[in-house]
Every structure is written in C-alpha cells, then in structure tokens.
Amino acid sequence: MSDKDNKGSMTVAEAGRKGGETVRNERGREFYETIGRKGGATVKAERGRSFYEEIGRKGGETVKAERGAKFYEEIGKKGGDRVKATRGPNFYEEIGRKGGQKVKKLIEEGKRAARAAMAASPAEGAAAEGAAPTGGTTAAPASEPTPGPGQNE
C-alpha cells in the first residue's frame, strides 16, 4: 500500500471514539446512561447477581495488587469527607441510628423464629443446636411468653 492509500484513514479505536462523540453530541449523555442501565439489567438477567460480585472482587484484587491496600484507605477517607461536607455530620448519626434499628429488628425476628422452631419440635431443635434442654423442659420461660399470631413482643 502506498502512503496515498493510507491518507485520511484512522484506526478502529479512533473511529469508535469519533462515532461515540458524534452520538453524545446528537443524543446527549443521558442516552448512554439509559442504554448502560438496560445493558446492565440484561447481563444481570442472563448471568445473575453473582457475576457482578465476581467481577467486582476480581477488579478490587487487581487494584489492590497495583496500588496497595493504602489506596482504599485514602479513597474511603476522601469519600467520607465529601459526604460529610455535602450532607453534614448529622447524616452519619442518622444512618447509624437507622442501621442500629434494623439490626435490633433482625435480632428480635431471629429470636422469635428460634422460639417458634423450639416450640414446634423441641427434640429436633435441641439436637440441631447441639445442646441438651436445660431444666428438663424445652418450653420458653414464663418471663418470656411466646407471642401469638399478629402480636408483637
């Protein structure tokens, strides 16, 4: 091929970049956001959530190997400082309180489910726990009555 034949030609990367810029200028950035969400939903439907977990883990390991664990400390601090600056220090108090309430609720639900399982099959429940019943009985103590259907503790 002579130089005359290559004049004006571009690489595939250059052509793709140019085409992408043209689409961005014609349709706007939101277009890419929309098709990105659609593509992500399709991949999730085809491969499942575990696919994203796996590629995220691999990507994190690669970044850690290249930049070190200290990098994550630095970007975490920067992110925390940015959130504090934009939302204020009370934001962390609020989300901490919400998280604590959620944990409390989950613990209560777990205790309720455990009592229900013990009441349904005392022998199986004790065997599954790996412990013998205490006090010769498997019923809940009188101080902790098991709530009936629709009742809260």
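The following legends describe close-up views of a predicted model.

**View 1. The chain as a whole is built from helices, with zero strands.** In this predicted model, the chain has seven helices, and read along the sequence its elements follow the pattern α-α-α-α-α-α-α. Of the 153 residues of the chain, 4% count as buried. Among the contacts in the chain with a separation of 6 or more, 23% are accounted for by residues 24 or more positions apart.

**View 2. Helix α2 packs against helix α3.** Helix α2 spans residues 12-27 and helix α3 spans residues 29-47, and the two pack at an angle of about 105° with their axes 6 Å apart. Angles of 65 to 115 degrees count as roughly perpendicular, and α2 and α3 are therefore roughly perpendicular to each other. On the α2 side the contact is formed by G20, V23, R24 and R27, which meet R29, F31 and Y32 in α3. Sorted by class, this contact of α2 with α3 has three nonpolar, one polar and three charged residues.

**View 3. F31 and Y32 form an aromatic pair.** The structure holds four aromatic pairs. One of them joins F31 and Y32, whose rings lie 5.6 Å apart, centre to centre, with 70° between the planes, an arrangement that is edge-to-face. F31 counts as partly exposed because its relative accessibility is 25%, and Y32, with a relative accessible area of 34%, is partly exposed. Both F31 and Y32 also belong to the α3 side of the contact with α2.

**View 4. F51 and Y52 form an aromatic pair, and the charged end of R47 sits over the ring of F51.** The ring centres of F51 and Y52 are 5.6 Å apart and their planes stand at 70°, so the pair is edge-to-face. F51 has a relative accessible area of 21% and is therefore partly exposed, while Y52 is partly exposed with a relative accessible area of 34%. The ring of F51 takes part in a further arrangement, in which the charged end of R47 sits over the ring at 4.5 Å from its centre. R47 itself is the residue at which helix α3, residues 29-47, ends.

**View 5. R67 lies over the face of F71.** The view is centred on the ring of F71, with R67 placed over its face at 4.6 Å from the ring centre.

Conventions
Residues are numbered from 1 along each chain as its sequence is written. This is a predicted model: local features need pLDDT of at least 70, side-chain atom pairs count only at pLDDT 80 or more; totals for chains, interfaces and linings use all residues. Side-chain values use heavy atoms; hydrogens and water are left out. Axes are lines fitted to C-alpha atoms, for helices over the stretch in contact, and angles run from 0 to 180 degrees between N-to-C directions. Helices (H or I, at least four residues) and strands (E, at least two) are DSSP runs, numbered from the N terminus. Angles under 35 degrees count as roughly parallel, over 145 as roughly antiparallel, 65 to 115 as roughly perpendicular and the rest as oblique. Contact means heavy atoms within 4.5 Å. Ala, Val, Leu, Ile, Met, Phe, Trp, Tyr, Cys and Pro count as nonpolar, Asp, Glu, Lys and Arg as charged, and the others, Gly among them, as polar. Rings of Phe, Tyr and Trp (its six-membered ring) pair if their centres lie within 6.5 Å; planes under 30 degrees apart count as stacked, over 60 as edge-to-face and the rest as tilted. Buried means under 20% relative accessible area, exposed over 50%, partly exposed in between (1.4 Å probe, protein chains only). A charge sits over a ring if NZ of Lys or CZ of Arg is within 6 Å of the ring centre and within 35 degrees of the ring normal.
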